[in-house]
Amino acid sequence: MSTPATGAATLTPRRSSRFVAWVRAWRAGLVPYDEVADAIAGDEEHLVADAPGTWTDVPLSAALPTLAKLSPDDIRLVLPAPGDPRGLPGPGDFAGAALVAGEAVVAGGLGLIPQVRLHTSGSGDCFETVLWRVYPLPANAPAASLSLPGAAEAEAELAAALAETTAALTRLDVAQWRPELAGALAALRRPDGATDLPPGFDPRARRLFARAAVLDRVLALAGHAAPGGAINNYEAQQRDAALRPLTTACRQALVAACNAPLRP
């Protein structure tokens with residue numbers, strides 16, 4: 001069964017990254033409100049739970065006005081991981097849930113985390129909905145003290161980590177147990193429309209986001225055991241060690257791209 005973490009990780013790009021990018025562009029006056037919810041959701045159904053002033057789950061478009069008074073700089077992406085809570089506003093329910101999900105949105109005094117819900121219709125068809133759960137953040141809570149890199153630094157770190165990891169995975173003969181990774185890696189040269197940022201982001205942020213968003217899916221594939229137990233525990237540990245620097249650099253790149261300053 002899919003969990004919030006795995007469900008989010010297999011999308012390209014992550015749901016929180018698209019949420020932050022499009023809501024920031026809206027608040028900067030660069031895209032109309034009517035386009036934001038559809039741009040975030042794509043072909044999925046997105047609902048919001050526990051939004052201020054609501055008593056039940058509401059469509060994403062009905063909850064977005066809650067953020068209408070925020071400036072673009074009040075809205076940011078956080079992609080925490082165990083041992084790396086950078087960007088989280090101190091301990092609490094939101095921080096704990098964000099660490100489990102591996103992604104979240106900080107929007108003024110609110111935090112939002114996407115959860116994937118699986119449903120089965122009466123005819124046996126399976127489908128998903130995405131529920132954004134809203135958390136009130138502690139008043140005046142500081143973000144994690146560790147600083148996050150800007151887009152230029154994140155781009156350099158991602159390039160270095162990609163070269164290092166590619167060499168390590170070649171030595172591990174990753175293609176033997178994950179042949180589909182070859183196609184995923186080739187997609188790095190062919191970003192699709194899902195990896196586009198809205199108006200207002202500069203060329204560096206766009207380039208960084210497109211590359212990191214595709215890498216995020218590659219890492220989601222590589223991070224799972226091969227079908228049929230094609231690798232043993234020792235080989236899995238080697239794989240995880242090889243992927244770790246790239247996983248960190250990829251998270252930092254997505255955060256730097258989505259949180260980059262906007263310009264008209």
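**View A. Arg133 and its salt bridge to Asp50.** Arg133 is partly exposed at 21% relative accessible area (buried means under 20%, exposed over 50%, partly exposed in between, with a 1.4 Å probe and protein chains only). Its partner is Asp50, with the closest N and O atoms 3.0 Å apart; a salt bridge puts a side-chain nitrogen of Lys or Arg within 4 Å of a carboxyl oxygen of Asp or Glu. The two are 83 residues apart, Arg133 in strand E6 and Asp50 in the loop between strands E1 and E2 (strands are DSSP E runs of at least two residues, helices H or I runs of at least four, numbered from the N terminus). Asp50 is partly exposed too, at 48%. This is a predicted model, where local features need pLDDT of at least 70 and side-chain atom pairs 80 or more, while totals for chains, interfaces and linings use all residues. Residues are numbered from 1 along each chain as its sequence is written, and side-chain values use heavy atoms, without hydrogens and water.

**View B. Glu155 of H6 meets Arg207 of H9.** In this salt bridge the closest N and O atoms are 2.6 Å apart. Because Glu155 lies in helix H6 and Arg207 in helix H9, the pair ties together parts 52 residues apart in sequence. Glu155 is buried at 18%, whereas Arg207 is partly exposed at 45%.

**View C. Asp84 and Arg86.** Here the closest N and O atoms of the salt bridge are 2.8 Å apart. Asp84 is buried at 12%, and Arg86 is buried at 16%.
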